Amino acid sequence: MIFLTRKAEFSSAHFYWNDAWTQEENERVFGKCANRNGHGHNYTLEVTVAGEVDPVSGFVVDLKELKDILEREVVSIYDHRHLNFEVPEFKTAIPTTENIAVAIWHRLDGKIPNAKLHRVRVYEMPDLFADYYGEIAHE
Amino acid sequence: MSNSRPVVLLSRRYHFSASHRLHTEAYDAERNREVYGKCNNAHGHGHNYTVQVTFRGAVDAETGMVCNLGDLDAFARTKLIDRFDHTNLNTMECFAETVSTTENLAIEVQRIFAEFPYARLERVHIEETSNNSFDCTGDSAPGRF
């Protein structure tokens, strides 16, 4: 099994807000991230896929194809957009780094030919990132 | 959504600068020089350390978070940065009986962040320099003198 990782970048605006809470509660929990005028980040996305090497091409996946999938499924939708207002999954989920990683997993899962999605890593900043492996806790 | 939640690993990186000297009373001076080389320099030397802590947890449905970053940053400020930044590691109580290698530092940092009350610590990764890094998953005990 080979693990192959491709990076992509997008720059987006967001803020953290839970409609069920008062402004005071939102500010207490989310601090300056609750500023409703929004703020932004340069996000780095790292997508790792797992698969076997094709004996003819020597590839797990064609990197150009993977790059195009990331562009089509994620970057073209997230880049230079306001996540809260312009990306459908964040109408209901707060666009935290955790939720962005989960949302990108769902956007990509099953769409990469000949390889299995292994990990989605999203860096909000170089010092903060979230990893999602598709794991669900049932409580 | 309330009874099936994605489990995410959240990683945060912190930075501090400290001096240290690798030296053990268990060896004589010559053996210390042999084992630790220039790290045994009597006056010490220093590094810009990067500590990367990874927490694992189900994403909270109300906050969208594994744990509140403000809580984690405040914990790291008090328990890590304020204690270690611009210090000599060898003078600290946690290195009274252990050599201040980054292996032992990783075990101490693991012990500290394992006490963070709001999420489960998965891993501590420490970069001593850009060429040397160490990972601790919580099943190690520090080497004693």
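Of the 139 residues in chain A, 32% come out as buried, meaning that 20 or more other C-beta atoms lie within 10 Å of the residue's own, with 12 or fewer counting as exposed, anything in between as partly exposed, and C-beta atoms placed from the backbone. Bear in mind that this is a predicted model, where local features need pLDDT of at least 70 and side-chain atom pairs count only at pLDDT 80 or more, while totals for chains, interfaces and linings use all residues. Residues are numbered from 1 along each chain as its sequence is written, and chains are lettered from A and ligands numbered from 1 in the order in which they are written.

Let's walk along chain A. Its C-alpha atoms fill a box of roughly 60 × 35 × 25 Å along the principal axes. There are four helices and five strands, taken as DSSP runs numbered from the N terminus (H or I, at least four residues, for helices; E, at least two, for strands). Their order along the sequence is β-α-β-α-β-α-α-β-β. Of the chain A contacts with a separation of 6 or more, 70% are between residues 24 or more positions apart; a contact here is a pair of C-beta atoms, placed from the backbone, within 7 Å.

Now for the strands, which pair if DSSP finds at least two bridges between them. β2(A), residues 39-51, runs antiparallel to β4(A), residues 116-125, over seven bridges, and Ala50(A) has Lys116(A) as its bridge partner. β4(A) also pairs with β5(A), again antiparallel, over five bridges. Those two strands form a hairpin with two residues between them, and Arg121(A) is bridged to Asp131(A) in β5(A).

Eight bridges join β5(A) to the antiparallel β1(B), residues 4-20. Overall, 21 residues of chain A are in contact with 20 of chain B. On the chain A side, the elements giving two or more residues are α4 (97-108) and β5 (128-138), and β5(A) has the largest share, with nine residues.

What about the nonpolar core? That term covers buried Ala, Val, Leu, Ile, Met, Phe, Trp, Tyr and Cys residues joined through C-beta atoms within 7 Å. The largest one has 57 residues, and those touching the most other members are Ala101(A), Ile104(A), Val122(A), Val8(B) and Val109(B). A second, separate core of five residues includes Phe15(A), Tyr16(A), Trp17(A) and Phe30(A). Back at Val8(B), the contacts beyond four places in sequence include Glu98(A), Ala101(A), Asp131(A) and Val59(B).

How values were computed
Two residues are in contact if their C-beta atoms, placed from the backbone, lie within 7 Å.
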